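Here's a walk through this model, taking it one region at a time. Keep the viewer open and follow along.

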Amino acid sequence: MDAYYRQTIHTWQSVRSGRGMDWDLQPKVFKYYPHEFAPVPLDQLSALHDFLQYSCGLTAKKVYPGGTYSLRANPSAGALYPCELYLQARGLPGLTGGIYHFEPSSGNLRLLHTLAAEEGIEGYYNSADTAYDLVLLISAIYYRSSWKYGSRALRYCLLDSGHLMGAVEAAAWIQGRSCSLVTRFNRKQVQDDFGFENQELPMVMVTCGEGRGQQVVRPDMNLPFISGSGSFVGDPVIESAFQEMGESSECRPGTAGTPYTAGPNDLAEAVLHRRSIRSFTGKPITVDEFEKVLHAAAAGLAIDCDEPLRLFVVVNRVEGMEPGLYSGDGHCRRSGDFSQLAGYLCLEQALGSESAATVFLVGDCRNYLPLMLKAGLIGQRIYLASTLLGLGCSGIGAFYDQEVADFLETDNPVLYALAFGR
Ligand SMILES: Cc1cc2nc3c(=O)[nH]c(=O)nc-3n(C[C@H](O)[C@H](O)[C@H](O)COP(=O)(O)O)c2cc1C
């Protein structure tokens with residue numbers, strides 16, 4: 001995956017030789033299945049309705065001179081929302097056992113396939129597993145993002161998917177459910193059976209609740225291709241990198257930790273009110289606030305491939321802490337005021353310099369797909385932990401890759417950055 005990473009780095013020159021966007025080819029942000037697939041309105045009071053709203057429901061509207069724009073519970077690079085959410089429900093009250101697509105715009109489901117007793121999307125796992133009451137599949141329609149960001153967009157699709165996983169984790173936390181992430185499954189078969197063709201990339205599955213101890217086989221399903229972006233221009237760099245990413249090397253599973261100490265009502269409030277901050281006041285935060293945010297980032301994660309990921313933090317304004325470059329465990333690596341440099345490294349975005357702290361996530365490319373998903377999930381925890389404390393946060397996907405790595409003195413790729421503060 002090193003090759004894809006290197007091919008898509010930002011340099012001072014590359015961002016200035018910019019590619020324009022073709023507005024005639026602007027992709028759509030919602031995928032709609034046609035009426036042959038029955039719409040299934042969800043009872044507004046049901047737990048599943050709330051679960052989906054907390055995961056990726058529409059939570060705000062933004063009005064621009066050109067129109068109105070919906071923002072969601074999950075953040076997205078450039079608000080382009082490449083991710084789609086599918087779910088398999090089994091034994092849930094009032095719902096036919098089946099595979100559904102979730103439409104964030106209406107809050108409804110569409111029934112895509114009714115499950116036979118022995119069928120389940122658990123059958124796509126590399127190792128046959130037991131059946132669950134609720135399984136989610138997150139995919140990414142990459143052109144929604146590559147229209148603007150070119151080949152670098154695959155990074156954003158992975159991070160966005162990770163954020164959505166993090167939003168699902170929070171939804172599960174609010175409802176007292178357990179959830180577990182599956183990154184190793186037969187992606188090619190899912191792409192074929194769901195009719196995704198080369199346009200929609202299956203990223204990750206999430207199982208919720210306890211297994212039923214019943215083995216299932218993959219569904220006998222052959223869904224038609226439905227375009228989720230309207231226009232589409234293929235990107236061979238993205239498609240071949242994604243194919244390669246599916247073949248992961250050995251890695252260890254992770255176990256769930258405790259990212260949030262807040263009660264379910266407070267966390268639900270935070271989920272529904274989370275936004276990306278656009279500018280900071282420049283006022284400091286306390287050490288306690290700083291530590292709470294980093295605690296959420298460091299908590300364990302139930303995932304089948306838990307790649308190690310390192311955090312570096314540029315502390316700009318934290319009361320009682322010397323400004324400098326820190327490791328995620330709070331160890332000061334170099335003291336000094338690096339705030340201006342941090343802003344420059346984040347592609348000259350003031351967010352990086354005016355924050356209380358700017359975090360850089362670093363890992364190696366061995367298992368790039370699960371690693372990037374994990375980086376996005378940690379990003380979502382940093383957003384929600386900040387929101388719970390009344391602080392602002394923003395993801396920063398655009399940075400000068402090599403210059404950040406040089407500053408951090410690491411040979412590993414820089415995956416993602418986030419800024420938080422007040
Ligand atoms: C992976 C990722 C990368 C992002 N990169 C940037 C960035 O470089 N600069 C920025 O101002 N916002 C960035 N954002 C924030 C998005 O612009 C924001 O999520 C989107 O506009 C939706 O707004 P909301 O988060 O308030 O719902 C990023 C978000 C994500 C998830």
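Predicted model: local features only at pLDDT ≥ 70, side-chain atom pairs only at ≥ 80, totals over all residues.

Start at the ligand, where one of its oxygen atoms sits 2.8 Å from an N or O atom in the side chain of arginine 275. Move on to serine 276: an N or O atom of that side chain is 2.5 Å from an oxygen atom of the ligand.

In terms of contacts, 39 residues of domain 1 touch 35 residues of domain 2.

What about the polar side of this interface? There are 18 residue pairs in polar contact across it, counting pairs with both residues at pLDDT 80 or more. Several elements of domain 1 give two or more residues to the side that touches domain 2: helices H1 (2–7), H5 (153–174) and H7 (236–245), plus strands E2 (58–64), E3 (67–72), E8 (179–182) and E9 (200–208). The largest share comes from H5, with twelve residues. Sorted by class, that side of domain 1 has 21 nonpolar, nine polar and nine charged residues.

Between domain 1 and domain 2 the count is three. If you'd like a specific pair to click on, arginine 381 and glutamate 169 meet through their side chains in a salt bridge, 2.7 Å from N to O.

The overall count comes to 15 salt bridges. One of them joins arginine 144 and glutamate 84, whose closest N and O atoms are 2.7 Å apart. Because arginine 144 lies in helix H4 (residues 143–149) and glutamate 84 in strand E4 (residues 83–89), this pair ties together parts that are 60 residues apart in sequence.

Last stop: the backbone. Most residues other than glycine have a negative phi. Against that background, check leucine 347, which isn't a glycine but has a positive phi of about 55°. Where does leucine 347 lie? You'll find leucine 347 in the loop between helix H10 (339–345) and helix H11 (350–354). Glutamate 409 also has a positive phi, near 60°, in a residue other than glycine. Look for glutamate 409 in the loop between helix H13 (401–408) and strand E15 (414–421).

Notes. Residues numbered from 1 in each chain as written. Heavy atoms only, no water. Contact = heavy atoms within 4.5 Å. Salt bridge = Lys/Arg side-chain N within 4 Å of Asp/Glu carboxyl O. Polar contact = N/O pair within 3.5 Å; in protein donor to acceptor, adjacent residues only side chain to side chain. Helix = DSSP H or I, 4+ residues; strand = E, 2+ residues; numbered from the N terminus. Nonpolar A, V, L, I, M, F, W, Y, C, P; charged D, E, K, R; others polar.
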